[in-house]
Amino acid sequence: MGEATLYGLCGAALVGLGLFGLIVHPQPLRKILAFNLIGGGVFLLFGAIARRGAAAGFGGDPVPQALVITGIVVAFSATALAVALLLRLFQETGQATLHLDG
Amino acid sequence: MPNSATAGGFLLILAIVLPVTGALLSLVLGGRHAERVALLVMPAGLVVAVAIASVVWRTHTVLEYSVGSWDPPLGVAFRADGLSVVMIVTAALLICGIGAFARAQFPTPRGQETRTSLVFWTLLLAVWGALNAVFIGGDLFKLYVALELLTFAAVPLVSLDGRAETLTAALRYLLFALFGSILYLLGAVLFYGAHGTLDIVLLSHRIHAGPVAWAAISLMTAGLLAKAALYPFHLWLPPAHAGAPAPASAILSGLVVKAPFFLVVRLWFDVMPRVPERAAAQMLGTLGAAAILFGSVVALRQARLKLLIAYSTVAQIGYLFLMFPLAVEPETGHQWNTAAWTGGVLQAISHAFAKAAMFMAAGLIAEALGHDRIAGLAGIGRALPITVFAFGLGGLSLMGLPPSGGFVAKAMLLTAAVAEGQWWWAVVVLTGGVLAGGYVFLVLARALADASEPLTLLSPISPSRQAVVVALALCAVLLGFIPLRPSELLQIGRPDIAIGGPR
């Protein structure tokens, strides 16, 4: 088993864990964390693909690396927006759940 | 190389740069200038959209622009084919209409700067820029970024008023959207790993049926469905669209949910035109049919006008996905397939106009009455006749009665369904039309009834705002006068689908 395959499998495991968390946990904060876990898995997978050099045939393909950086920025902004919304919700209602009682 | 293609290609950049610059500028200048900036950008953006349309229409070719003259796969390309042009012009018209409508609701503050006014005008432009980027993006990763920008601009629009319910709706919307976008990204990563490119044209040459293509396309489609709120991913839509202020609902329901649908079309017709996908297309159609039936029935049971309209959006999104089983049919005659193709796209744009008009009409009614309970609508038809008229015109398109864009769209879907012997889709289209008739009639019957006591309006509604709503509803009606056959404009950039069709 090659290095890239190992990283790829790790990425897949992270995606699986994250997906599980996103679907099973009702708390928004856990869902946000799970989203980040999936994101980490996807980026790891992309890194493994870059290592394989699918496009150009050389050791490290730079395109996925550039895309991963962009992806991380996007995921970061998404998390920031979600946390900001959640904080505001907590200020308004005193609870941080999606099911408001009363 | 200063030829006509590059000169026209510059327009594509303008279509993105103009609204984004406007959004950044209003952020810098602050709430006291945000409205002015938006009012300057809107006509300019409309001109750009029309210019792009005229270039594509005249040259009958795909308008292309490679950033920094770097061709794919090294560079990134923007492309506008017939489909993009239709969507860009629709978006431009709607944004301008919604902007004109929203001036009274989000006015420039006189003294202290207000948050909602700044946020609304900034995000209106941001949504526009992101939409244009989705419509002309030429590679899957750029489309991912555009889709995320769209989400980030759309989610705060839901919670403009900062109430707890709308915050929850916005958060739920964001979580669904994030789930969708990460699945989309995973699919794109798989495509890159298998084929070494994300450019749509290059990818369409390299792609072949296999586990990778299937995994990638399923992941991306599932992600996009979550964003498009197709049944059973519709849970987030009604509270989000019904809770937002009327102009924001109009943007969200009319335009924002069309962007992920547009990307599903891109994926299925442009990225993988040759991979057989019959069973999957049938499945998409089934989800669409479920959405039509479920959304319409639930809409019938709503007590609040805005929720009724939001559930009707769930149903109308279902129609969009009927286009897949009908247009992706390799066996039967190709000329009929284009009818479904045109019908699907026409449904997207006529619903955009009709639904925007209906949400804004509902907003005006709620403003006048102070509530939007359907049971308490009696007498409003006499007090705000123009608004109720606009609501009815929009409803015409939802029901699919002539003359309206919805009629032409649904007639084409019906034609395609009958011609291909897939009669069950025809039954769904007709049932959905009857149910839509039911919920539109429900509202109109209450609105046109005489009030038991004279109605006092909380605030006077200016005729100019009502005129904007009627204008948008009329756009949906006018779409009903385009010829009932596959559109030539939509074929631009799609040589593999034969031109022709039913007379």
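Two residues are in contact if their C-beta atoms, placed from the backbone, lie within 7 Å. With that in hand, here are some close-up views of what is a predicted model.

**View 1. Helix α12 of chain B and its cover.** Helix α12(B) runs over residues 278–300, 23 residues in all. From the first C-alpha to the last, α12(B) reaches 33 Å, close to the 33 Å expected at 1.5 Å a residue. Look along α12(B) for its buried residues: B:L284, B:G285, B:L287, B:G288, B:A289, B:A291, B:I292, B:G295, B:S296 and B:A299. The cover over these buried residues includes α13 (305–327) and α18 (423–448) of chain B.

**View 2. Helices α3 and α4 of chain B, side by side.** Here α3(B), residues 82–102, and α4(B), residues 115–136, have axes that come within 9 Å and cross at roughly 175°. The two helices are therefore roughly antiparallel to each other, as angles over 145 degrees count as such. On the α3(B) side you will find B:S84, B:M87, B:I88, B:A91, B:I95, B:G99 and B:A102. They meet B:F120, B:L124, B:W128, B:L131, B:N132, B:F135 and B:I136 of α4(B). Sorted by class, this contact has 11 nonpolar, 3 polar and no charged residues.

**View 3. Inside the largest nonpolar core.** This core has 238 residues, and those with the most contacts inside it are B:I52, B:V127, B:V134, B:L150 and B:A357. Helix α6(B) supplies the largest share of the core, 22 residues. Zoom in on B:V127 and, leaving aside neighbours within four places in sequence, you will see it in contact with B:L150, B:A153, B:A154, B:I251 and B:V256.

**View 4. Where chain B touches chain A.** The contact draws 23 residues from chain B and 30 residues from chain A. On the chain B side, the elements that give two or more residues are α5 (140–158) and α6 (164–195). Of these residues of chain B, α6(B) brings the largest share, 16 residues. The chain B side divides into 17 nonpolar, 4 polar and 2 charged residues.

**View 5. Chain A on its own.** Chain A has 3 helices and 0 strands, and its pattern along the sequence reads α-α-α. Of its 102 residues, 36% count as buried. Among contacts in chain A with a separation of 6 or more, 49% come from residues 24 or more positions apart.

**View 6. The loop around B:A378.** You can find B:A378 in the loop between α14 (334–369) and α15 (380–383) of chain B. With 17 C-beta neighbours inside 10 Å, B:A378 counts as partly exposed. Not counting residues up to four places away in sequence, B:A378 touches B:R446, B:A449, B:D450 and B:A451. The C-alpha atom of B:A378 is separated by 9.4 Å from that of B:L444, although these residues are 66 residues apart along the chain.

**View 7. Helix α19 of chain B.** At 1.5 Å a residue, the 16 residues of α19(B), 463–478, should span 22 Å, and the end C-alpha atoms are 22 Å apart, which agrees. The buried residues of α19(B) are B:R465, B:Q466, B:V468, B:V469, B:V470, B:L472, B:A473, B:C475, B:A476 and B:V477.

Methods: Residues are numbered from 1 along each chain as its sequence is written. Chains are lettered from A and ligands numbered from 1 in the order in which they are written. This is a predicted model: local features need pLDDT of at least 70, side-chain atom pairs count only at pLDDT 80 or more; totals for chains, interfaces and linings use all residues. Helices (H or I, at least four residues) and strands (E, at least two) are DSSP runs, numbered from the N terminus. Ala, Val, Leu, Ile, Met, Phe, Trp, Tyr, Cys and Pro count as nonpolar, Asp, Glu, Lys and Arg as charged, and the others, Gly among them, as polar. Axes are lines fitted to C-alpha atoms, for helices over the stretch in contact, and angles run from 0 to 180 degrees between N-to-C directions. Angles under 35 degrees count as roughly parallel, over 145 as roughly antiparallel, 65 to 115 as roughly perpendicular and the rest as oblique. The expected span of a helix is 1.5 Å times one less than its number of residues. A residue is buried if 20 or more other C-beta atoms lie within 10 Å of its own, exposed if 12 or fewer, and partly exposed in between; C-beta atoms are placed from the backbone. A nonpolar core is a set of buried Ala, Val, Leu, Ile, Met, Phe, Trp, Tyr and Cys residues joined through C-beta atoms within 7 Å.
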